[in-house]
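Biologist: I would like to learn how to read the features of a model like this one. Can we go through it step by step?

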Amino acid sequence: MKYFIYVSLLGLISSSIFLSSDNYKKEEQNNSKIVLQLDDYICSEGQWVYLHGCKSWISGNEVAIFDSAYIEKGQHSVELQAYLPMAESLFVLFSKNGPCQLEVGMEPDSCVIMNIEEEDGENYCSKKALQGELNNFMHKAIEGKKLYRDKLKEFTSKGEQDSIVKLQKDRFNSLSSLIRTYKHPCAVYNLCIYLRTDFPQEGKKMFDEAAERFPQYVSLQESAKKKEPLPGTSYAQKANERIQYMMDEKYQIPLLDTSIGENISLSFPDNKGYKVSPTSDNSKYVFIDFWASWCKPCRKENPIIKQVAKQYKKELYIYAVSIDTYHQAWQNAIKEDSTFSFQHVIGTFPNGKKTKLLSRLNIKAIPANFLIDKDQRIVAKNLRGERLAQVLDSLIQK
């Protein structure tokens, strides 16, 4: 009798293993993957990377971590996989260096190949892939949204009403056409959100149309209020808690101590992308000035800084750090203010994202500045107007 029970249990266990293995093989046959090619910054230290998102064919609340991998220091490539019965918008999260939310469009039985670089930033990111049709469509849609809002802001500031009307009409027609014709519901879902944001009254109608086109995409049905949202399973709740914890950890960037008396080591890129440190063999002091083209008080300080730099030519070196989002505006301001004698660097990447170093400095308001000595020790802070010359006089006379 005991032997019979043992054999029966063994049979049940074997059947379970077989069924699990069979399901795994089925998922493996329908695998989608993303290959991330990493620059030196991303793989400068070991870290984890995760592929997560919603199983929107089940519910918008069914959060999942599809895959994870450990990136060794110096490892320039990593692959993540997901079982997708239909196209989906997922996210890649780097635990240390790299984006916290890299949005990726992935299709079933496909491979997305993408370069990940320091300038992609540490927060949200969408970028064009080397390979990946859906991803590149979604990235183009995001860029189109940014362009539309920038243009709308520009025309509004200039009071160009006719241009605003034409821009809005073109935007509405373009989004409506894509929503009615594009093949993947995850992208159509995002387009519906853009349209509802820009055109609230018409947005509901387009959501209804999209929901009729894609009855199998449950997230779309829930957003269009065709179905009641399903609560996430216990697995989804645990996955969501894990992702939120990792994102909270990622956002807690250790800040640099910028108190007087502390040493500070900086290196920002110049207009050619070469990183430059605030050091000078000939000068006793370096004035590190944080500014932006749009900051009127900053621009008013420039003539004073120029005069002090001329007066203390042998003692003072100017290291000007712009926090401009638009690099062309930064360059234009340098020309307008004739500050070519300064060492100009910038704390943002060409795509407008902050460098990690700028975030660690925690500059809350500009103008802001540090005066450092040859040992890169902060000897004074926030010197404005005549105060810079007064402090230099005091230091030099010691």
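**Strands and their partners**

Modeller: β2 and strand β5 (residues 88-94) pair antiparallel, over 5 bridges. Keep in mind throughout that this is a predicted model.

Biologist: Which residue in β5 stands opposite Val49?

Modeller: Phe94 does.

Biologist: How many bridges join β2 to β3?

Modeller: 8 bridges, and those two strands also run antiparallel. Trp48 stands opposite Tyr70 of β3.

Biologist: How many of the residues of β2 are buried?

Modeller: Of its 8 residues, 6 are buried. The strand is therefore largely enclosed by the rest of the structure.

**A buried charge**

Biologist: Let us turn to charged side chains. What is the general idea?

Modeller: Side chains of opposite charge can pair when their charged atoms come close. Now take Glu62, in the loop between β2 (47-54) and β3 (63-71).

Biologist: Is Glu62 buried or exposed?

Modeller: Glu62 is buried, yet has no salt bridge.

Biologist: Which side chain of opposite charge is nearest to Glu62, and how far away?

Modeller: Lys55, at 5.8 Å. A salt bridge needs nitrogen and oxygen within 4 Å.

Biologist: Which side chain does Glu62 join in a polar contact?

Modeller: That of Thr233, at 2.7 Å. Thr233 is also among the residues Glu62 touches, leaving out those up to four places away in sequence.

**Salt bridges**

Biologist: How many salt bridges does the structure hold?

Modeller: There are 20 salt bridges. One of them joins the side chains of Glu79 and Lys33, at 3.7 Å from N to O. Glu79 sits in strand β4 (residues 77-83) and Lys33 in strand β1 (residues 31-38), so the pair ties together parts 46 residues apart in sequence.

Biologist: Where does Glu133 come in?

Modeller: The side chain of Glu133 meets that of Lys183 in a salt bridge, 3.7 Å from N to O. Glu133 lies in helix α2 (residues 133-158), while Lys183 lies in the loop between α3 (161-181) and α4 (185-198), so this pair ties together parts 50 residues apart in sequence. Lys183 counts as partly exposed, at 46% relative accessibility.

Biologist: Which residue forms a salt bridge with Lys158?

Modeller: Glu154, with the closest N and O atoms 3.1 Å apart. Both lie in helix α2, 4 residues apart, which is about one turn of the helix. Lys158 is exposed, with a relative accessible area of 51%. Glu154 is partly exposed, at 31%.

Biologist: Which residues are linked in a network of salt bridges?

Modeller: Glu117, Asp120 and Lys127.

**An enclosed helix**

Biologist: On to a helix. How many residues has α4, and how far does it reach?

Modeller: α4 has 14 residues and reaches 20 Å, first C-alpha to last. That is close to the 20 Å expected at 1.5 Å a residue.

Biologist: Why is α4 called largely enclosed by the rest of the structure?

Modeller: Because 10 of its 14 residues are buried. They include Pro185, Cys186, Leu191, Tyr194 and Asp198.

Biologist: What do the buried residues of α4 pack against?

Modeller: Against β5, β6 (101-106), α2, α3 and α5 (200-213).

**Two loop residues**

Biologist: Where is Ala87?

Modeller: Ala87 is in the loop between β4 and β5. At 5% relative accessibility, this residue counts as buried. Setting aside neighbours within four places in sequence, Ala87 contacts Met106, Glu107, Pro108, Leu134, His184, Cys186 and Tyr217.

Biologist: How far apart are the C-alpha atoms of Ala87 and Leu266?

Modeller: They are separated by 44 Å, and by 179 residues along the chain.

Biologist: Is Tyr326 buried or exposed?

Modeller: Tyr326 is exposed, with a relative accessible area of 52%. Tyr326 lies in the loop between β12 (316-322) and α9 (327-337). From Tyr326 to Asn351 is 25 residues in sequence and 8.0 Å in space, C-alpha to C-alpha.

Note on methods. Residues numbered from 1 in each chain as written. Predicted model: local features only at pLDDT ≥ 70, side-chain atom pairs only at ≥ 80, totals over all residues. Heavy atoms only, no water. Buried < 20%, exposed > 50% of the residue type's maximum accessible area, 1.4 Å probe, protein only. Lys, Arg positive; Asp, Glu negative; His and termini not counted. Polar contact = N/O pair within 3.5 Å; in protein donor to acceptor, adjacent residues only side chain to side chain. Contact = heavy atoms within 4.5 Å. Pairing = 2+ DSSP bridges. Expected span 1.5 Å × (residues − 1).
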